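Welcome! Please take a moment with the sequence and the 3D view before reading on.

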Amino acid sequence: MPSLLTRLIHDAKAFLSELAANNTHEWWETHRDRYDALLKAPALTLLHEMSGPLGRMVGAPITTKLFAPQRAPRLSSRNAPYHTHLHLLWSPRLGGVAQPGFFFGIAPSYVTLGAGQTDFGKAAMGAWRATVEARGADIAEIMDTLTTNDYRISAPALKRVPAPFRADHPRAALLRRKGLSAWHEYDASLTRDQMTQGFAALGPLVKALGSIESVPQLSN
């Protein structure tokens with residue numbers, strides 16, 4: 001009998017492919033019960049089942065989120081009001097100013113695990129840069145390990161090193177970031193063991209970002 005994860009990936013890909021070809025309110029209302037039964041319910045179960053292992057991995061309680069299928073009104077259009085992906089988020093409450101999480105996504109074209117924080121926001125940006133000054137070598141080592149194991153790292157958002165840091169700062173690439181996340185691609189045969197192993201590899205990144213706290217006096 002297929003596992004919950006196997007069924008979810010298969011059913012999500014099938015449903016979302018149909019949705020991509022029929023992205024209308026009328027189609028959605030006709031097939032909402034299918035979404036609830038085949039995608040939403042098992043996704044919520046998966047969120048719950050993985051919360052314990054992830055919480056023990058990082059040593060913190062976990063908050064979960066299943067992203068809504070509806071696009072935000074400001075991003076929606078009459079021709080494509082629904083997302084054609086299913087995204088899940090586990091957010092450890094690590095106590096720092098950053099808010100990293102573990103991600104899982106399914107779409108017709110991908111199955112992916114990820115972790116990190118795509119945008120630190122103003123509240124955490126200064127703390128991130130101070131952390132780069134204090135222990136950027138440790139973060140760079142984590143990123144190198146992930147890259148070696150075929151994780152895709154998000155690109156820096158800034159073209160230049162921000163003031164007051166020198167353009168030739170030894171951690172310039174980290175200072176140019178406004179977020180940091182890593183991703184690994186899988187096929188539809190992803191197993192629960194592979195998911196657990198994938199998240200375990202991402203654990204050091206989540207813990208490093210989750211430990212970002214106060215902003216000490218910066219120097220360059």
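Which residues are buried in H5?

## Helix H5

They are Met195, Gly198, Phe199, Leu202, Gly203, Leu205, Val206, Ala208, Leu209 and Gly210. Buried means under 20% relative accessible area, exposed over 50% and partly exposed in between (1.4 Å probe, protein chains only). H5 covers residues 192–210 and bends by about 40° at leucine 202, with proline 204 following within four residues. The bend at a residue is the angle between axes fitted to the seven residues ending there and the seven starting there. Helices (H or I, at least four residues) and strands (E, at least two) are DSSP runs, numbered from the N terminus.

This is a predicted model, in which local features need pLDDT of at least 70 and side-chain atom pairs count only at pLDDT 80 or more, while totals for chains, interfaces and linings use all residues. Residues are numbered from 1 along each chain as its sequence is written, and side-chain values use heavy atoms, leaving out hydrogens and water.

## The nonpolar core

The largest nonpolar core has 59 residues, and Leu46, Leu86, Trp90, Phe104, Trp128 and Phe199 touch the most other members. Helix H2 (residues 25–58) provides the largest share of this core, 10 residues. Such a core is a set of buried Ala, Val, Leu, Ile, Met, Phe, Trp, Tyr and Cys residues joined through side-chain atoms within 4.5 Å.

Beyond its neighbours within four places in sequence, leucine 46 is in contact (heavy atoms within 4.5 Å) with residues including Leu4, Trp90, Phe104 and Met195.

Serine 51 sits in helix H2 and counts as buried because its relative accessibility is 16%. Leaving aside neighbours within four places in sequence, serine 51 contacts Ile62, Thr64 and Trp90.

Alanine 60 lies in the loop between H2 and strand E1 (62–66). Alanine 60 is also buried, at 8% relative accessible area.

## The largest pocket

The largest pocket is lined by 18 residues, with Phe67, Leu89, Phe103, Thr118 and Trp183 nearest its centre. On a 1 Å grid over the protein atoms alone, a pocket is an open set of points where a 1.4 Å probe fits, with protein on both sides within 12 Å along at least five of seven lines; lining residues have an atom within 4 Å of a point.

Strands E2 (86–92), E3 (101–107) and E4 (110–117) each supply at least two lining residues, and E3 gives the most, 4 residues.
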